[in-house]
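Student: Could we go through a protein model together? I would like to learn how to describe what is in it.
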Amino acid sequence: MKTRKNLYYDESTLDYIQKYKDEHHLPTLTAAIASIVDEHRHRNDIDTTEVVIQHIARRVAELLDDKLTRIRLGVNNADRNSDIIIMLLNTLLGYQELTSLITEDTPQLQRAREIEKERIQNFREKKLDREAKKANKTPEIIPDELIME
């Protein structure tokens, strides 16, 4: 059952309803308003927030999966190497009759740190070069005579 009501709208609201009516090929403004209200009512039936959150979470997991795997493998490798170095140092120190520890950097330690910084810098440069090559890669242009129709 339809009920008549006198409603007042500002111009922007009327423009929106008229645009909606035209886009959806509705016969009257009343039909447009009823359609807008109906859409709004049914849009709230589904908890879209949960669906969107799950979709975003899956997408982020897909995008980060490769990078996180690399990080995990790198951390595991560093952890294993640290354990091996500790065991080796423990073994060496176990056979020595040392009564003190050197607390300042030795020339050997300073040189080892420099070498490691150089290695890291070289890896970074290679990575940046690879990324630059990927970014500058342009699609190959196929001559018209080779395109089959």
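Student: How do the residues of the lining of the largest pocket divide into nonpolar, polar and charged?
Tutor: Please keep in mind that this is a predicted model. In the lining of the largest pocket, 8 residues are nonpolar, 2 are polar and 3 are charged.

Student: What is the volume of the largest pocket?
Tutor: The volume of the largest pocket is about 400 Å³.

Student: Which residues lie nearest its centre?
Tutor: The largest pocket has 13 lining residues, and those nearest its centre are Lys5, Leu7, Tyr9, Thr30 and Ile33.

Student: And which helices each supply at least two residues of that lining?
Tutor: Two helices do so, namely α1, residues 11-23, and α2, residues 29-43. The greatest contribution to the lining of the largest pocket comes from α2, with 5 residues.

Student: What about the second largest pocket, which residues line it?
Tutor: The second largest pocket is lined by Asp66, Lys67, Arg70, Ile71, Lys127, Arg130, Glu131 and Lys134. Its volume is about 320 Å³.

Student: What share of the residues is buried?
Tutor: Of the 149 residues in the protein, 3% are buried.

Student: Which residues are buried in α1?
Tutor: In α1, the buried residues are Ile17, Tyr20 and Lys21. These residues lie on the same side of α1, because they cover an arc of only 100° around the axis.

Student: What covers them?
Tutor: The cover over the buried residues of α1 includes α2.

Student: Which exposed residues are on the face turned away from the buried side of α1?
Tutor: That face of α1 carries Glu11, Ser12 and Lys19, which are exposed.

Student: How far does α1 reach from its first C-alpha to its last?
Tutor: With 13 residues, α1 reaches 18 Å, which is close to the 18 Å expected at 1.5 Å a residue.

Student: What comes just after α1?
Tutor: Just after α1, histidine 25 takes a positive phi of about 55°. Histidine 25 has this positive phi although it is not a glycine.

Student: Where does histidine 25 lie?
Tutor: Histidine 25 is in the loop between α1 and α2.

Student: Is it buried or exposed, and why?
Tutor: Histidine 25 counts as exposed because its relative accessibility is 70%, and the cut-off for exposed is over 50%.

Note on methods. Residues are numbered from 1 along each chain as its sequence is written. This is a predicted model: local features need pLDDT of at least 70, side-chain atom pairs count only at pLDDT 80 or more; totals for chains, interfaces and linings use all residues. Side-chain values use heavy atoms; hydrogens and water are left out. On a 1 Å grid over the protein atoms alone, a cavity is a set of points where a 1.4 Å probe fits but cannot get out, and a pocket is an open set with protein on both sides within 12 Å along at least five of seven lines; lining residues have an atom within 4 Å of a point. Grid points are joined across faces, edges and corners, and a volume is the space filled by probe spheres set on the points. Helices (H or I, at least four residues) and strands (E, at least two) are DSSP runs, numbered from the N terminus. Ala, Val, Leu, Ile, Met, Phe, Trp, Tyr, Cys and Pro count as nonpolar, Asp, Glu, Lys and Arg as charged, and the others, Gly among them, as polar. The expected span of a helix is 1.5 Å times one less than its number of residues. Buried means under 20% relative accessible area, exposed over 50%, partly exposed in between (1.4 Å probe, protein chains only). The arc is that of the directions from the helix axis to the C-beta atoms. Contact means heavy atoms within 4.5 Å.
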